[in-house]
Amino acid sequence: MNTEKTGAPGAVTNGKNGNSQVGSEVRPTTPESRAEQKDTFPIQGIDYIEFYVGNARQAAHFYRTVMGFSITAYAGPETQVRDRASYVLEQEKIRFVLTAPMLPEGPIAEHVFKHGDGVKDIALRVPDVDYAYHTAVERGAAGVLEPMTVEGEKGRIRKAAIATCGDTIHSFINRDNYEGAFMPGYHKRDVPGTPAGVKAVDHQVLNVELGKMNDWVNYYARIMGFSQLISFEDKDISTEYSALMSKVMQDGTGRVKFPINEPAEGRKKSQIQEYLDFYMSPGVQHIALITGDILGTVSTLRDNGLDFLRVPHSYYEEAPERVGEVKEDLNHLEELGVLIDRDDEGYLLQIFSKPVEDRPTLFYEIIERHGSRGFGKGNFRALFEAIEREQELRGNL
C-alpha cells in the first residue's frame, strides 16, 4: 500500500485527455466534439459513496427513516471486522456506506475528529481496476491503495484507490466476479426503508480553497480524462455579501459529474469558506440526488424530518416571467420551496436541504430534470441569499 498524499495537483501540460486546452486552462467541450473523442479512462458509474461517521448505527437510522434507504449489508465485530462498523444502504441506484471507528485511534477516528461526519470515498466502478490505477498514477495521481483482490465465498472483487482533494479518495472497483452482499467480509442485511423516490446520484460538489479550483479542474482532466461541462464566474454566483466560482467536470460518459467550487472575494464570508473552516479541508459539500417526482419526494422527506432552505414569496412571483411555463403547479412548488430554472434544453426543479451534520458542512440537493443539463444558474442568487440567512443565524456570515 502506498502512503496517502493529498497535495495540490500540478497543471495540465497537454490536451490529450479529451479537453480543449490553452496552457493549463481546460476549456468546455461541446457534445459534438466530445463524441469524436476517445474515452481514455473508462468509468462505468459511481459504485458507492462511503462516509466516515462518529456512530454508524445511528447514522444508518437517519438515512433509513428520514431519506428512505434500506440497510442491505453490514460489517463489524460480529463479522470478524475488529476496527470498524460499516452499514451499507441502498435506494434504487444509490449506494451509501456508513463507517464508524470502534476505538478512538486510527485513520477513521482521526478523520471523524478532524472533519466531523463526511464523505471519505467516492468509489468509481471501472471495467479494469489495474488499468485505471496504473494509468492514474502514471498521469500524476497519488496512490492510496495498490490494486488488490478481496475474495469471499461468493466471489471476488478487485479494488484500488487514489487521492483527490483534501482527505477524500477515489476507489476503483470491479465486481464482475462477485455475487455476494456488497463486498467479501460483509453480511447481508434486509432492513427495508420506505423509498423517498430518489433514483441516482446526479452530481457531487467539491469545495476547494481559494485559488485551487483550476488546479483540481486540471487534475480531473489530466488524471481521468474528464472534460469541462460548464463554468460559473463570481458575477454569476454572487450576492451583496459573498461570491464563489465553479467549474463542472464530467467523465467520458457524462454519468459522473463534479462541480468544483472555490470562494471568491466578497464583503463577508462565503458559504464555501464556511464549509472549509468547519470541515477543515477541501471535500464534498453536497450530493445531488435525482428524482422523477420532486413534489412527492420533497413532501416525503419533509414529513420524515429533513429540513430544507426556503426562498421568499417574491421568487415565485417573478418565476413565470423568468422560466416560462412548467407542468407543475407553481403554488405547490412554492409550498414546498422547490426552485425552478430553464436553459435552452429544458427546465429543472431543485431544492437544497440544510446541513445534515451539526457542523455546517454536508447537505443534499434533490433535483428533477426536464431536458435541462444545467445546475440552476438562475436560482443562484436566491439560493445563496437563503444560505446566507442560515450563516447569519450561525454567526458565520
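Modeller: A polar contact is a pair of N or O atoms within 3.5 Å, where, within protein, one atom must be able to donate a hydrogen and the other to accept it, and residues adjacent in sequence count only if both atoms are side-chain atoms. This is a predicted model, in which local features need pLDDT of at least 70 and side-chain atom pairs count only at pLDDT 80 or more, while totals for chains, interfaces and linings use all residues. Residues are numbered from 1 along each chain as its sequence is written, and side-chain values use heavy atoms, with hydrogens and water left out.

Biologist: Which backbone oxygen does the side chain of histidine 115 reach?

Modeller: The side chain of histidine 115 reaches the backbone oxygen of tyrosine 279, at 2.6 Å. Histidine 115 belongs to helix 3, residues 107–115, where helices (H or I, at least four residues) and strands (E, at least two) are DSSP runs numbered from the N terminus.

Biologist: Is histidine 115 buried or exposed, and which residues does histidine 115 touch?

Modeller: Buried means under 20% relative accessible area, exposed over 50%, and partly exposed in between, with a 1.4 Å probe and protein chains only. Histidine 115 has a relative accessible area of 0% and is therefore buried. Counting contact as heavy atoms within 4.5 Å, and leaving aside residues up to four places away in sequence, histidine 115 touches Asp167, Phe278, Tyr279, Ser281 and Arg359.

Biologist: Which residues of helix 8 are buried, and which are exposed?

Modeller: An α-helix has 3.6 residues a turn, so residues three or four places apart point the same way. In helix 8, residues 313–323, the buried residues are Tyr315, Tyr316, Ala319 and Val323. They cover an arc of only 90° around the axis (taken from the directions from the helix axis to the C-beta atoms), which puts them on the same side of helix 8. Glu317, Glu318 and Glu321 are exposed on the other side, and after helix 8 comes glycine 324, whose phi is positive, near 75°.

Biologist: In what order do the strands of the open sheet stand?

Modeller: Two strands pair if DSSP finds at least two bridges between them. Here 9 strands form an open sheet in the order 8-9-10-7-3-6-5-4-11, with mixed pairing. Strand 8 (143–152) and strand 11 (187–191) stand at the edges with a single partner strand each, so one side of each is left without a neighbour in the sheet. Within the sheet, strand 3 (residues 45–52) and strand 7 (residues 118–125) pair in the antiparallel sense over 7 bridges, and tyrosine 52 stands opposite glycine 118 in strand 7.
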